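Subject: Structure for you to look over

Hello,

Here is the structure I promised. My notes follow below it.

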Amino acid sequence: MQRIIFFVCLFVCFHGNLFAQDTIVLNGQPTWKTGFDIADQCLFYEDAADWPLDFETIKKESFIPFRKEFRKQKNTNRPLVVQWFTFVIHNTSKTDTVKLHLFLAPHVFTRIYKEDKLLSLGGVYDTSSEVFDFEVSSLTVTPLSSVRFWTRTEDRQNQLVSSRIGLQTPYVSMVEKVKANYWNRYIFLFLALMAGCLFFITVYAIYQYYLYRLRAFIWYIAYTGASFVTALFWVDIRLHVGMFSPLFHDLMLSIFIYLVPVLYTFFIGSMLQLPLYFKRWWSVVKLLTAVLIFQMLVQFITIRTGWFMFNYNYYGYFLSIIPMVLLHIFLLILTAISKDKVKRFLFAGILSLLLLWCMPLTNVFSLIPSKSHELRYILIFAPAFLLLGLTVEAICFSFALSYRSKLVLIEKNKLQENYTKDLAETLAIRTKELEEQRNIREEQKIKQIETEFEKRIAETEMTALRAQMNPHFIFNCLNSIKLYTLENDSQTASEYLTIFSQLIRLVLENSRSEKVTLQKELETLRLYIELEAMRFKNKVNYQINIEKEIDQEYIEIPPLLLQPFVENAIWHGLMHKKEGGNILVDVSQPAEHYLLVEISDDGIGRALAAEYNSKSATRQKSYGLKMTSERIDIINQLSQINADVQIVDLKDGMNNASGTKVIIKIPV
């Protein structure tokens with residue numbers, strides 16, 4: 001008996017030294033009726049490194065008792081909050097194996113380690129396990145053994161909840177889960193209702209855009225669609241459905257939470273035309289939206305990659321809600337001072353969202369009795385009010401769109417009425433004008449028939465004159481060939497005949513056209529002058545100058561218009577000079593719409609030439625010049641242009657005749 005007492009005392013003393021604060025002693029499977037809080041039996045370590053430490057490194061760190069100040073929810077500036085807990089379960093039973101469930105507060109990720117191996121995965125974001133459960137994990141301790149367990153929790157900034165850690169028997173765990181599911185039925189209905197409303201509002205907006213094709217509907221569809229996805233995100237988070245991957249959760253938390261206000265900001269701007277009426281204020285709004293976009297990118301990159309360009313302790317300042325609050329204040333002010341008729345619905349929507357969004361911050365729900373767990377589950381879930389605010393706001397915005405459609409329809413009807421009235425007046429005026437024009441047209445038709453008849457007569461005369469020009473010119477050329485034949489100068493006759501054949505080909509080609517290019521006309525003129533120079537034994541020298549800016553292949557003039565003037569200069573100006581003379585042809589274009597051709601000779605002048613002609617027995621007349629004058633008159637009549645010819649007598653210093661200049665102005 002004394003030995004038994006000794007061993008009992010020895011065991012008690014040994015037990016007091018062996019089991020420290022982190023040891024939980026159980027004698028076989030417990031029969032608890034509720035959960036057992038083990039926070040006082042846990043050691044705690046918060047990982048504050050820029051890159052989370054691995055398990056082997058954590059085991060070497062110094063853990064401290066899990067004090068009460070560590071258990072409360074707190075704000076942090078760090079992007080990730082990683083906390084470790086460790087405790088030991090000692091089973092003193094020789095026969096019973098202890099089977100318990102570890103109960104944790106809802107964390108983003110949880111990891112349970114047993115000694116040196118990973119025991120289980122869990123958490124709100126973790127959907128890799130076959131049986132998804134964010135808060136429990138099975139722990140097993142065999143008889144007469146001690147097992148150390150390690151728990152790692154990871155949370156995102158502003159998602160850290162009050163830390164809870166406890167043990168439950170399998171039966172208690174099952175009962176608590178059934179109760180939780182029963183109490184969650186109202187919040188499930190509430191969240192499902194909000195998601196359903198946002199979904200059908202989005203579908204309605206798509207149909208409205210299909211009908212009206214207004215740009216504002218595009219922003220509204222994007223806004224309601226993003227709100228619907230946000231509702232699904234919070235349904236998945238709160239009810240632990242596990243339908244989204246961790247990447248999608250981080251994407252939603254980082255981007256969609258910020259994207260929704262950006263989208264309805266541009267929707268309001270489009271509806272009220274804020275960029276048009278409030279340019280400076282709208283620049284501030286765009287700056288704030290740019291800040292929100294920068295915040296969402298910083299948060300997503302940091303959470304997914306762990307990289308942040310500045311000190312991690314200041315991470316929270318980059319994600320301050322101040323830009324979002326300022327954005328809503330600016331939107332409220334601009335909406336209030338806008339003169340658009342739909343501003344009442346938009347103002348009500350923004351104000352409803354702000355009031356419902358800020359309501360959980362008032363802590364007024366702490367005054368509500370906790371007898372109704374179903375209602376309390378809804379009231380303590382802050383995102384529920386955000387979803388309610390988004391839904392109310394979306395409904396107000398849909399009213400604004402419907403009212404805008406009504407205003408557009410009213411304006412359209414007014415325009416239709418005014419258009420019908422104006423059309424009737426215009427029709428009456430037009431009918432009267434048509435009556436007057438019909439009488440005028442009858443008179444014009446008679447005049448038009450007379451004009452066309454006169455035009456055809458003029459064209460016929462023009463064709464006849466062009467046919468007269470060709471035989472006259474050929475007659476002169478054949479006289480020259482006859483002269484060389486009589487003189488038995490076969491070589492010169494051959495050269496003359498070659499040039500004549502080229503000339504006659506151009507003349508025949510040009511005579512079939514009403515107009516020819518300036519290049520062809522000048523080439524014909526050159527061949528003619530060369531023939532005449534050969535005839536007068538090279539006593540005729542010539543030079544043709546053309547401005548470089550003139551496009552000879554583009555400009556067109558009537559054919560054989562210049563040759564009669566050159567012919568007249570040779571026959572009546574240079575023929576009577578023993579030493580011969582010079583012909584100078586200058587072509588210029590002083591203006592875009594006409595061409596100026598100057599034909600100068602240093603002959604005997606018009607007065608002396610007239611005297612010689614009067615003494616001539618034959619009294620040769622210049623048929624070519626006469627026909628050219630008639631052609632110019634007919635060209636002016638047909639083309640309704642003002643072709644002009646001026647003849648200037650040239651004088652020397654003694655006021656004696658020194659030649660003649662012909663100035664031809666040809667419209668082009």
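Contact here means heavy atoms within 4.5 Å. The model is predicted: local features need pLDDT of at least 70, side-chain atom pairs count only at pLDDT 80 or more, and totals for chains, interfaces and linings use all residues. Residues are numbered from 1 along each chain as its sequence is written, and side-chain values use heavy atoms, without hydrogens or water.

Y220 first. Leaving out residues up to four places away in sequence, Y220 touches I201, A205, F267, A394, F397, S398 and L401.

Y220 also belongs to the largest nonpolar core, which has 71 residues. Such a core is a set of buried Ala, Val, Leu, Ile, Met, Phe, Trp, Tyr and Cys residues joined through side-chain atoms within 4.5 Å. Buried means under 20% relative accessible area, exposed over 50%, partly exposed in between (1.4 Å probe, protein chains only). Y220, Y223, F267, I268, L346 and F397 have the most contacts inside this core. Several helices each supply at least two of its residues, including α4 (185-212), α5 (215-239) and α13 (382-486). Helices (H or I, at least four residues) and strands (E, at least two) are DSSP runs, numbered from the N terminus. The largest share, 13 residues, comes from α6.

Next, I89. I89 sits in strand β5 (residues 80-91). I89 is buried, at a relative accessible area of 0%. Beyond four places in sequence, its contacts include I24, L26, L100, L139 and F149. I89 and L139 are 50 residues apart in sequence, and their C-alpha atoms are 9.5 Å apart.

Last, L297. L297 is in helix α8. L297 is partly exposed, with 43% relative accessibility.

Best wishes
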